[in-house]
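This briefing summarises the computed geometry of the protein shown below. Overall architecture comes before individual residues.

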Amino acid sequence: MRLAGKAALVTGGGTGIGRAISLAFAREGADVAVNYSRSEAQAQETAEEIRGMGRRATLVRADVSNSTQVDMMITEVADRFGRLDILVNNAGITVFVDLANLEAITEGDWDRIFNVNVKGLFLCTRAASRIMQDGGVVINISSVAAFGRGSSIPYCASKAAVNTLTRSLAIALAPRIRVVGIAPGFIDTRWTAQWGPQQKERSAAATPLKRVGQPEDIARLAVYLAADGDFVTGRTFVVDGGRTL
Ligand code: NAD
């Protein structure tokens, strides 16, 4: 097991990509703190599955965009596990607004998306870095939307900011902590469920590897970066089946 004896915290860890990463870490021997803000039932289910593998799991409720709640979350993780080796900044939100429809984007959309996707990522990383073991790893979940095309303009901009944060934080926290990013393409989670089978088929057809991505595709790279990528920092890796080539 490649993560035996390690402790991880996954924000938004009860659903979608976060859930797949939480389970993959546990399968490799890590204890996992599953953060959630509203998805309590799913987080509870994920924690049960982790315990079923013989690992420790704890649920931590916190809105990642609230620094008081984030600090309390990190204290809870330290109390429960006595250590923190891996932070996955996975929590994220968007709105679905056609890029050409500038008028439909509100100031509230900008504020909510940047608060969670950008400020929240910084708050979690800062608080975690205070207690992380030497050799710790932060994994930021970005998106190919960072290249400019995605669910909405504020979301695209927020993920570009995530990529810059990955670089800045890698410089700031080296050599004690590595900071890396994963930029998924279209991944089949509840975000994309609303698109329906035809849109998924179209996306698979336009993807060189001829299928839609699954949360486990992201989880496998997260395990690699956490367990083996020990001379890698500051970089964001695209996982999209070649779709944005
Ligand atoms: P998801 O909605 O299942 O995951 C997002 C998680 O973040 C949820 O558990 C949600 O409850 C949590 N969350 C939202 N706001 C929060 C807050 N303020 N505090 C704490 N938790 C909060 O969808 P997903 O597809 O699994 O997305 C996970 C990550 O992957 C996101 O960062 C998303 O931007 C990114 N991503 C997804 C895709 C895709 O196609 N699904 C593609 C690229 C990137």
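Of the contacts in the protein with a separation of 6 or more, 77% are between residues 24 or more positions apart. The model is a predicted one. Its secondary structure consists of eight helices and seven strands. The radius of gyration is 17 Å, close to the 18 Å given by the globule rule for 245 residues, so the protein is as compact as a globular protein of that length.

**Overall dimensions, surface and charge**

- Taken along the principal axes, the box filled by the C-alpha atoms is roughly 50 × 35 × 35 Å.
- Of the 245 residues, 52% are buried.
- The accessible surface amounts to about 11500 Å², and carbon and sulfur atoms contribute 51% of that area.
- There are 28 positive and 24 negative side chains in the protein, and 3 Å separates the centres of the two sets.

**Cysteines**

- The number of disulfides is zero, where a disulfide requires a pair of cysteine sulfur atoms within 2.5 Å.
- Cys124 has a relative accessibility of 1% and therefore counts as buried, the cut-off being under 20%.
- Cys156 also counts as buried, because its relative accessibility of 5% falls under 20%.

**Gly18 in helix α1**

- Gly18 belongs to helix α1, which covers residues 16–27.
- With a relative accessible area of 0%, Gly18 is buried.
- Gly18 and Ile218 are 200 residues apart in sequence, while their C-alpha atoms are 9.2 Å apart in space.

**Ala47 in helix α2**

- Helix α2, residues 40–52, contains Ala47.
- Ala47 counts as buried at 0% relative accessibility.
- Leaving out residues up to four places away in sequence, Ala47 touches Ala57 and Leu59.
- Between Ala47 and Leu59 the C-alpha separation is 7.0 Å, and the two residues are twelve residues apart along the chain.

- Ala204 is part of helix α7 and is buried, with a relative accessible area of 13%.
- Apart from its neighbours within four places in sequence, Ala204 is in contact with Lys210, Arg211 and Val212.
- The C-alpha atoms of Ala204 and Gly241 lie 9.1 Å apart in space, and the two residues are 37 residues apart in sequence.
- Lys210 sits in the loop between α7 (196–205) and α8 (215–227).
- Lys210 counts as exposed, because its relative accessibility of 55% is over 50%.

- Most residues other than glycine have a negative phi, and most peptide bonds are trans.
- Lys210, which is not a glycine, has a positive phi of about 60°.
- The peptide bond that joins Ala174 and Pro175 is cis, with omega at about 0°.
- Pro175 lies in the loop between α5 (153–173) and β6 (177–184).

How values were computed. Residues numbered from 1 in each chain as written. Predicted model: local features only at pLDDT ≥ 70, side-chain atom pairs only at ≥ 80, totals over all residues. Heavy atoms only, no water. Helix = DSSP H or I, 4+ residues; strand = E, 2+ residues; numbered from the N terminus. Rg over C-alpha atoms; globule rule 2.2 N^0.38 Å. Buried < 20%, exposed > 50% of the residue type's maximum accessible area, 1.4 Å probe, protein only. Contact = heavy atoms within 4.5 Å. Areas by Shrake-Rupley, 256 points an atom, 1.4 Å probe, with all protein chains shown as cover. Lys, Arg positive; Asp, Glu negative; His and termini not counted. Charge placed at Lys NZ, Arg CZ, Asp CG, Glu CD.
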